[in-house]
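Student: I have a model open and want to learn how to read it. Where do we start?

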Amino acid sequence: MKKTFISALLVSAITIGSLTAQTAQEIVDRADEAFQGDRVYSTSSMTVYKSGEAQAVQKIESYTMEKAGKTYSLSVYTAPRRMKGTANLMIEDDLWVRFGSTGRTRKLSSSAKKNSAGGSDFSYADMGDGGQGLSEKYTPQLTGENTVEGERCYEIELIANASDAPYEKMVVYITKDNYRYLKIEYFENNANIKSMTFYDYKTVNGTDYPFRYIMESHTKPSVTEVIVDIFEIDSSKVKDRMFTTGYLESIR
Amino acid sequence: MPEYNRRERLLGKWGEWSVDNWGKALIIASVITVLLGFGMVRLKMEMTFYSMLPDRSNQVRDLKSIVENFSYASGILVVIDGRSIEDPAKAEQTVRDTIDAITLEYSKDIYKPYIASVIGKVDMSLFKKHGLMLTKMNDLERLKRSYSNLNLVPLLEHINDDFEAEYSGNSDKLAEEESDAVTRFKGLGDLLELIEYAAEGQNISDSRLDEVLESYLFGDPYIMSNDNRMGLMIVQPTFTMNDISMLQPGVDTIEAGAKKIASERGIKAGLTGITTVGRDEIVTSSKGLVVSSILALILILGLLVLMFRMFSVPLISGIPLITGILWTLGLSGLIIHRLNIMTAMYIVALLGMGIDDAIHLLSGYIQERDGGSDFKTAIERSLIKSGSGIITGAFTTAAAFFTLTIAQNNLIKELGFVAGLGILSELIVMFLMIPPLLAYREQRLVKKGKTGNRIFTKVRIKSDAAAGIGKLLVKAPVAVAVVMSLIIISFSLKAGDVGIQDNLLEMEAKGLESVHLNDEMIKEFGMAPDGLLIISSDLKEVRDLTDKIDKLSSVKSVESLADFYISDTEYKERSSFLRQFITDLDSTESMAEVNTDSLLKELYRLEMNLIEMGDMAYMGNMDRLVNTLGNMTGIDEDGVKTEETSFDRLYSMLEDNRSIGASPALKALQSSVFYKMNQKIRTMASTGKISLDMLPSNIRDSLISRDGESYLISVSPTRNPWEGAYRDIFTDQMESVTDKGTGMILVGDQMNLMAQADGRRASLFAVIVVFLILVADFRNIKLAIITMLPLLGSFITLFGIMAVTGIKFDFINIIVVPLLIGIGIDDAVHINHRYLREGKGRMNVVIAMTGTALLMTTLTTVFGFASFIPSIMRAMRSTGIVLSLAMAIAFLNSVLFHPAVLIIVTEKLGWNIKPWRNDKNDNETT
């Protein structure tokens with residue numbers, strides 16, 4: 001079985017589109033190959049800069065799994081002290097938050113996936129959503145070429161084709177020579193509201209992954225930088241039992 | 001004998017008459033000046049950007065209509081800054097006290113001419129009576145759930161339910177409602193404190209309970225910053241920023257009052273908002289113009305004294321110069337009745353341009369005297385020799401300016417009128433006054449016995465440097481042309497990168513308190529004073545737009561009458577709901593006692609909810625909420641419990657003594673809360689219809705036009721809308737909802753767009769007109785084209801330098817385009833005239849004889865423009881830099897590139913540049 005995971009990098013929000021846009025589809029598919037795998041474990045440091053001032057660094061352990069066509073994602077905060085033990089569990093459109101400070105778990109409405117995760121510029125959906133569910137919500141269209149971070153890229157528009165797509169449009173920039181995502185621009189009400197840029201690609205299990213990515217809000221003076229410290233594919237650290245509310249409550 | 005044409009002969013005759021009749025000539029000039037004095041009386045100084053707004057765009061028309069019809073748009077924001085006080089609680093209290101004190105201060109008589117109303121605290125009177133009718137159905141249902149039972153335990157239980165449903169895990173919602181949430185939490189904290197006191201056996205006074213419930217239900221009436229150390233007041237002035245006579249004294253008085261009161265309390269207060277910025281524009285631009293005028297006059301006249309070594313020169317050239325300025329002001333007063341920042345700047349610049357005519361005339365006169373001519377002959381010949389060049393130069397310049405009057409916006413049109421009139425006024429005045437003034441001087445010298453041909457022996461108009469340049473040009477014209485061409489070409493590579501200044505605030509004076517506070521409001525209050533405004537005459541449209549705009553991610557908040565619009569269907573639905581709500585409320589009764597176990601359970605739950613919300617606030621950088629919730633839970637920023645709170649003390653008491661719930665004090669508190677809250681909610685649930693005349697006056701005056709026909713929607717952005725990239729997002733999102741938005745940010749763009757469009761059209765027209773004048777003057781198309789070449793080179797070089805140095809074009813310094821077309825060509829025209837007179841192979845003589853005069857006229861012009869550089873207003877400074885640069889470039893191209901090209905085409909390539917037809921009369925020899 002071909003296993004697909006959508007990492008905390010969000011990029012796999014972009015996948016299969018219309019049959020009429022073969023070229024764009026092929027490019028997106030090639031870029032998505034880099035994110036094929038299962039049972040991904042990662043640790044990362046997330047820093048939010050508000051008006052240029054760095055806030056407390058958030059350390060997060062992430063577990064992602066694809067099973068029976070469903071995407072499972074769990075993010076556990078290990079720092080700062082105040083947030084230690086706080087966790088987000090997402091199974092498709094269902095989202096639970098466990099607060100480390102009180103030990104209580106709350107189920108959120110599916111609309112909450114659009115909300116900011118941990119005060120960052122990522123939404124809960126950006127942090128852990130993806131898979132075929134989201135990919136079906138966009139139609140890719142090759143709109144040209146552009147230079148991003150000094151590299152020539154395909155510029156592809158992904159237009160929402162479902163009313164519950166998180167964004168009305170995304171524009172992705174994929175390198176021409178090795179099909180890496182370099183930048184994603186998110187659009188809402190005709191405007192580019194935030195952009196994510198990928199850096200420091202490293203090869204893990206024969207595939208290239210970005211170990212640093214930055215989400216910049218264009219509507220608030222806020223930038224979020226994520227640095228991936230550990231990234232494992234087919235990791236033995238990822239267990240089925242982690243993706244339950246029972247496990248959430250057991251986190252210390 | 002030289003051949004003179006008709007114009008030269010006329011000039012010679014004028015010279016002869018004006019010398020013989022110098023008194024009459026001066027009287028004629030004086031009479032005209034007095035007559036034009038009537039125009040000067042009518043002249044108004046309108047020194048704000050607002051007064052320059054073009055009125056051909058819908059956005060500008062809407063903005064003007066809003067400023068004139070809604071006092072909201074002219075609101076002066078008074079920012080009270082208590083950040084100098086270290087203790088946050090003391091700072092907050094001082095700020096609140098200061099707001100009250102300033103409100104009281106503004107009620108005094110001295111403010112009455114300037115202040116229509118003051119908003120120090122939000123008027124909650126309508127909300128207290130009709131708050132529930134003004135609430136949307138989904139929120140009403142939420143409120144009904146929260147207040148369905150007002151006994152202590154059910155009340156806390158429902159509050160907990162509400163927190164968990166609305167805020168848990170939803171930091172966005174918490175951030176959106178931060179201000180309201182802070183107030184609500186504070187009210188809740190106070191209520192907990194009362195429960196604690198009651199649990200201790202204390203009786204709670206009615207007034208204290210009333211105060212706590214008011215705070216919990218209706219929120220904080222003061223407008224406070226995120227950390228509560230700054231406060232905001234809104235003063236509605238009696239004037240708009242277009243009432244120039246009231247603007248400065250009004251804002252000054254309001255500012256002085258706020259600063260005095262704040263200073264007495266050891267804190268600071270300052271003003272911002274577009275009305276205040278308008279006042280600052282008047283002050284800084286006026287101050288800048290006074291300094292510039294004095295500086296320009298001193299530099300120019302100083303240069304003349306230095307060059308001519310003649311102390312009477314400041315009078316001989318200065319009197320006509322000032323007279324020319326007075327004529328220009330008089331004519332401007334008669335025709336357009338006002339000066340704006342741009343035209344006022346031009347008047348100062350005219351000092352540098354008008355003096356050029358005097359320099360050419362005096363240089364010609366001195367050269368004639370040096371050459372041995374007697375006084376009268378020297379005057380006649382100087383007018384004949386220099387006159388044609390001066391007239392052609394002035395006509396090309398004036399023509400370039402007058403072409404601006406075809407512009408669509410008044411800003412450029414007025415500049416065209418004033419500038420064209422200025423050049424012609426100076427031209428006429430110089431010819432009218434300089435010969436008679438020289439004659440008057442000569443008569444005095446004769447009386448004193450100081451006669452003789454060579455009375456200016458110290459003067460050296462023919463300089464060595466100019467002669468050296470002339471020789472170089474004759475020796476290596478190709479090399480000079482190639483070097484100059486290479487310079488122009490190298491700048492052409494960058495010329496296209498010159499930017500446009502789209503931030504009006506970057507054009508204001510640096511360090512202005514109003515601009516600084518504009519930024520501080522974004523940082524401390526999370527709101528930008530400069531947003532977008534929309535007017536509508538339909539309340540339903542107001543609500544629809546408000547609902548849509550409020551959802552945009554680039555929008556912080558929307559103020560409108562949306563909440564006050566209730567359709568008939570909604571009215572019926574809400575009335576029915578509220579009646580049922582009251583019936584249900586009536587069906588509950590005050591419980592005999594408080595169930596201690598249940599109270600404990602809800603307190604535990606409430607504390608956990610507050611801790612979780614504190615976590616979300618911490619991660620979302622909501623400082624105000626973090627502080628408020630931290631105070632309630634005793635948890636510091638790191639999540640560590642550091643202080644004992646009401647929760648801890650209540651747990652201790654309730655866990656130790658389960659019978660406290662039946663204690664008289666707690667029972668009494670429960671009963672009081674039940675009845676008082678019931679009473680307040682019943683009052684809020686009034687089902688009477690709400691009409692606009694029931695609105696608090698501050699809301700009515702702010703959001704309803706003076707004629708009552710239209711309504712205002714004010715949109716606050718999430719970031720500083722003057723930042724280019726964000727502005728596009730904000731305006732794009734707004735345009736996805738409506739195309740009716742307006743505001744200074746959009747109007748600034750309109751100003752730039754119209755200035756660019758008008759600039760392009762007028763410049764093209766000016767180039768054509770100037771070219772035609774050159775053709776008419778030289779009667780040789782080839783020479784006319786060659787004369788235009790240095791102008792092209794000057795533009796390319798200027799744009800290239802601006803791009804390299806990062807100087808941007810704005811709607812003020814764009815004045816350089818017509819000025820360069822008009823003035824930049826003058827030097828080449830003078831060289832052409834002299835070259836035609838001297839003949840081939842004598843370019844060295846041409847440059848030697850004209851070079852110094854050209855340098856001097858360029859220097860005086862540059863002095864006129866450079867006098868803006870010390871101005872604190874950045875738009876004026878930028879204009880000074882760009883214009884000075886442009887004139888220097890034009891000079892270099894005229895004295896190096898142009899003569900080199902002339903030599904190459906006439907002496908190397910053999911082009912004929914002589915006039916194509918000689919008039920019969922012109923062939924006559926004088």
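Tutor: Start with contacts: two residues touch if their C-beta atoms, placed from the backbone, lie within 7 Å. Helices (H or I, at least four residues) and strands (E, at least two) are DSSP runs, numbered from the N terminus. This is a predicted model: local features need pLDDT of at least 70, side-chain atom pairs count only at pLDDT 80 or more, and totals for chains, interfaces and linings use all residues. Residues are numbered from 1 along each chain as its sequence is written, while chains are lettered from A and ligands numbered from 1 in the order in which they are written.

Student: Which residues of H15(B) meet H28(B)?

Tutor: Thr392(B), Phe395(B), Thr396(B), Ala399(B) and Ala400(B) do. Their partners in H28(B) include Ala766(B), Val769(B) and Asp777(B).

Student: At what angle do the axes of H15 and H28 of chain B cross?

Tutor: Axes are lines fitted to C-alpha atoms, for helices over the stretch in contact, and angles run from 0 to 180 degrees between N-to-C directions. Here the axes come within 8 Å and cross at roughly 160°. Therefore H15(B) is roughly antiparallel to H28(B) (the term is for angles over 145 degrees).

Student: Now the sheet. What is the strand order in chain B?

Tutor: Strands pair if DSSP finds at least two bridges between them. The order is E8-E10-E9 (chain B), an open sheet with antiparallel pairing. E8 and E9 of chain B stand at the edges with a single partner strand each, so one side of each lacks a neighbour in the sheet.

Student: How many bridges join E8(B) to E10(B)?

Tutor: Five. In one pairing, Ser536(B) has Tyr711(B) in E10(B) as its bridge partner.

Technical notes
Angles under 35 degrees count as roughly parallel, over 145 as roughly antiparallel, 65 to 115 as roughly perpendicular and the rest as oblique.
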